[in-house]
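Q: Please take a close look at one part of this model, namely the contact between its chains, and describe the elements that take part in it.

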Amino acid sequence: MQLKHKKIAGLLSAATCSLLSTPLQAEVGDWDVDSAILYYAEDNGRVQAIEPVISARKELGDEEAVSLKLVVDSLTGASATGAVPSTQVQTFTTPSGKDTYTVAPNETPLDDTFKDTRVAYSMNWEKPYDRNNRRNYGFNLSKEYDFTSVSANALWQHDTNQKNTTYSYGINLEFDQIEPVGSVPEPLSSMMDQNKGSATDSRNVLDLLVGVTQVIDRSSLFQINLSLSEADGYMNDPYKLVSVVDSVSGEPIDQLFESRPDSRSRQSLYGKYKKTLSNDDIFTASYRYMTDDWGIDSNTLDFAYRLKFKRGYYLQPRVRLYDQSAADFYRYFLLDTESVPTEASADYRLGEMQTTTVGFKFGREYDRQHSWSVRLEQYVQTGDGSPEEAVGQLRNQDLYPDVTATIAQFSYSFVF
Amino acid sequence: MKPAFRWLLLGTLLVLAGCSSLGVKPWERNILARDDMLMEADALDLAFDEHIYFSKEASSGGQGFAGGGCGCN
């Protein structure tokens with residue numbers, strides 16, 4: 001995923017570069033290298049990730065350039081399965097079906113066999129078509145032990161209004177193949193039965209993007225993007241469960257594999273504003289509204305303020321606020337007295353939630369060919385842990401535990 | 001298309017229509033030409049953020065494509 005965003009960010013960056021008289025960091029023939037390492041850690045032994053990345057861009061002359069990027073993503077820790085807590089010890093089968101793990105009374109079930117390493121490559125080629133038009137092509141490959149993603153994209157950009165306005169038109173085609181540990185589970189079948197189907201399944205994704213970048217005055221500009229995304233195929237998380245509980249006691253009596261729709265259609269509107277103030281500080285604000293046919297609506301606000309100091313030092317506080325409504329088929333649990341619906345997921349990521357990210361970035365730009373920065377942020381995710389529909393012992397449980405994560409990043413950029 | 005999205009889209013088009021006369025002359029771009037005024041300044045930060053939030057939330061994309069590319073959601 002990040003591949004995709006880096007690639008399109010790179011493409012749009014090229015557009016903005018051209019729009020703004022092409023401020024190049026590197027001379028023709030030089031490699032402009034960005035490197036970074038991210039550490040992400042959730043509290044209470046949940047997910048931890050270490051993610052080094054290196055990205056290199058080479059100017060070929062006449063505004064033509066190629067970029068390459070390599071990302072390695074190493075994940076460990078425990079992930080919430082979607083199953084509800086119980087007053088009793090619960091025993092779950094691992095995804096392979098060959099082993100079991102237990103969850104203590106009144107604890108949120110977590111699958112601690114969660115471990116993954118992802119390697120992602122991307123390349124991009126950008127070349128002007130004429131004075132006011134540019135084309136960009138990208139290719140991406142991402143591989144995990146149970147997931148492979150291949151995608152290709154193209155972006156056309158047109159400058160007008162003395163290069164004060166740039167229109168962008170992008171398309172991305174993606175093919176994902178899922179090869180879950182223990183094969184693909186039958187949706188809404190019992191975990192106990194281990195009713196598994198084929199070894200692999202797949203989905204296709206089509207993304208379209210139309211955007212405008214507009215210079216407002218000497219110190220400010222804005223960007224507006226409209227995005228459409230259509231995904232078809234296997235949309236489940238093969239490791240997520242939905243509990244069936246006794247309608248009186250609230251004790252879980254079965255665990256089913258989740259079932260999502262086999263397609264998803266999303267639209268989003270994104271706006272970003274950036275301004276250099278009279279003291280040279282920079283204010284950035286962005287907003288995104290997203291809606292989809294799963295019933296999820298979300299709002300994202302992001303603010304950053306870069307305070308500039310002498311000798312190239314800067315400090316950039318940042319706040320991100322996010323909220324989303326639940327998917328239509330999101331259920332905390334199913335009751336044993338109801339007929340099993342055709343779609344149900346207890347994946348907390350599809351539930352109603354609010355999240356906040358607060359932090360800062362501190363860095364130094366020595367000159368246009370050399371810089372470093374450190375970023376430190378805290379991410380907090382909250383939801384309704386005591387829903388009205390809770391029955392029996394579930395009324396005493398936290399059915400949507402908060403997630404708190406620390407995000408730390410070190411970046412270093414140079415030219416050679 | 002949901003009504004809220006339709007209204008946002010309409011508002012956006014009106015704003016864009018009103019902005020057609022905005023802009024600066026080529027010799028007035030000294031501030032805009034700075035690297036930290038690029039819309040995609042700190043591209044690696046943006047990429048990391050997208051990966052994190054794609055993994056933890058149900059929304060993605062906006063500034064770029066919304067697709068997947070990762071088995072984390």
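**Chain B against chain A**

A: In this predicted model, 50 residues of chain B are in contact with 84 residues of chain A. On the side of chain B that touches chain A, the elements giving two or more residues are helix 1 (3–18) and helix 2 of chain B. Helix 2 of chain B gives the most to that side, with 11 residues. By residue class, the side of chain B that touches chain A divides into 25 nonpolar, 14 polar and 11 charged residues.

Helix 2 of chain B covers residues 43–56, 14 residues in total, and its first and last C-alpha atoms are 20 Å apart, close to the 20 Å expected at 1.5 Å a residue. Because 14 of its 14 residues are buried, helix 2 of chain B is largely enclosed by the rest of the structure.

As for the chain to which this helix belongs, chain B has 2 helices and 0 strands. Of the 73 residues in chain B, 51% are buried.

Chain A, for its part, contains an open sheet of 3 strands in the order 15-14-20, with mixed pairing. Strand 15 (252–257) and strand 20 (334–335) of chain A each have a single partner strand and stand at the edges, so one side of each is left without a neighbour in the sheet. Strand 14 (residues 241–245) of chain A runs antiparallel to strand 15 of chain A, and 5 bridges join the two. Within chain A, A:Leu241 stands opposite A:Phe257 of strand 15.

Conventions. Residues are numbered from 1 along each chain as its sequence is written. Chains are lettered from A and ligands numbered from 1 in the order in which they are written. This is a predicted model: local features need pLDDT of at least 70, side-chain atom pairs count only at pLDDT 80 or more; totals for chains, interfaces and linings use all residues. Helices (H or I, at least four residues) and strands (E, at least two) are DSSP runs, numbered from the N terminus. A residue is buried if 20 or more other C-beta atoms lie within 10 Å of its own, exposed if 12 or fewer, and partly exposed in between; C-beta atoms are placed from the backbone. Two strands pair if DSSP finds at least two bridges between them. The expected span of a helix is 1.5 Å times one less than its number of residues. Two residues are in contact if their C-beta atoms, placed from the backbone, lie within 7 Å. Ala, Val, Leu, Ile, Met, Phe, Trp, Tyr, Cys and Pro count as nonpolar, Asp, Glu, Lys and Arg as charged, and the others, Gly among them, as polar.
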